[in-house]
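Here are my notes on the model you sent over.

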Amino acid sequence: MKLSLLLEKLKEEPRINIHEDRSLKDDGSRVLIFSTVLPFPKFEPTWYSMVVKSDDEDIPNEKIEAILRHLWMFQLDI
């Protein structure tokens with residue numbers, strides 16, 4: 001899935017926020033930090049960071065699964 005499509009889908013999900021989005025000066029890579037509050041029974045904040053080389057990078061399904069597993073325990077359908 002292209003990064004732009006993933007970001008659009010994540011913006012539609014109010015429980016996941018893009019906490020930080022910045023570019024690195026050295027090589028132009030982009031750092032994205034996503035955040036959410038875990039559901040019951042934990043109710044605690046958690047973050048997931050991802051570094052991409054370019055805005056049109058293909059994000060592998062394994063990385064998307066890791067985001068969902070870490071942020072929302074696979075309870076979201078993205």
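1. Let me start with a threonine–histidine pair. The side chain of threonine 46 makes a polar contact with the side chain of histidine 70, at 3.3 Å. Keep in mind that this is a predicted model. Threonine 46 is found in strand β3. With a relative accessible area of 11%, under the 20% cut-off, threonine 46 therefore counts as buried. Leaving out residues up to four places away in sequence, threonine 46 touches Phe34, Ser35, Thr36, Leu38, His70 and Leu71.

2. How far can you trust the coordinates? The protein chain has an average pLDDT of 86, and 92% of the residues score at least 70. Among the elements of the chain, β2 has the highest mean pLDDT (93) and α2 the lowest (86).

3. Strand β2 (residues 30–37) and β3 run antiparallel and are joined by 8 bridges. Arginine 30 has valine 52 of β3 as its bridge partner, and valine 31 stands opposite valine 51 in β3. β1 and β2 form a hairpin with 6 residues between them, and glycine 28 in the turn has a positive phi of about 80°.

4. Which residues of β3 lie on its covered face, and which on its uncovered one? The covered face has Thr46, Tyr48, Met50 and Val52, while the uncovered face has Pro45, Trp47, Ser49 and Val51.

5. A closer look at α2. This helix has 12 residues and reaches 16 Å from its first C-alpha to its last, close to the 16 Å expected at 1.5 Å a residue. Its buried residues are Ile64, Ala66, Ile67, Leu68, Leu71 and Trp72. What covers them includes α1, β2 and β3. The spacing rule to have in mind is that an α-helix has 3.6 residues a turn, so residues three or four places apart point the same way.

6. Is threonine 36 buried or exposed? This residue is found in strand β2. Its relative accessibility is 5%, below the 20% limit, so threonine 36 counts as buried. A polar atom of its side chain lies 2.4 Å from the backbone oxygen of arginine 15. Apart from neighbours within four places in sequence, threonine 36 is in contact with Arg15, Ile16, Glu44, Pro45, Thr46, Leu71 and Trp72.

7. Asparagine 17 has its place in strand β1. Its relative accessible area is 41%, between the 20% and 50% cut-offs, so asparagine 17 is partly exposed. The C-alpha atoms of asparagine 17 and phenylalanine 34 are separated by 5.5 Å, though these residues are 17 residues apart along the chain. Not counting residues up to four places away in sequence, asparagine 17 touches Ile33, Phe34 and Ser35.

8. Last, the start of the chain. Methionine 1 sits in the segment before α1. At 29% relative accessibility, again between 20% and 50%, methionine 1 counts as partly exposed. Beyond residues up to four places away in sequence, methionine 1 touches Leu6, Lys9, Glu57, Asp58, Ile59 and Ile64. Methionine 1 and phenylalanine 43 are 42 residues apart in sequence and 29 Å apart in space, C-alpha to C-alpha.

Key:
Residues are numbered from 1 along each chain as its sequence is written. Side-chain values use heavy atoms; hydrogens and water are left out. Two strands pair if DSSP finds at least two bridges between them. Helices (H or I, at least four residues) and strands (E, at least two) are DSSP runs, numbered from the N terminus. Buried means under 20% relative accessible area, exposed over 50%, partly exposed in between (1.4 Å probe, protein chains only). A polar contact is a pair of N or O atoms within 3.5 Å; within protein, one must be able to donate a hydrogen and the other to accept it, and residues adjacent in sequence count only if both atoms are side-chain atoms. Contact means heavy atoms within 4.5 Å. The expected span of a helix is 1.5 Å times one less than its number of residues. pLDDT is the predictor's confidence in each residue, from 0 to 100.
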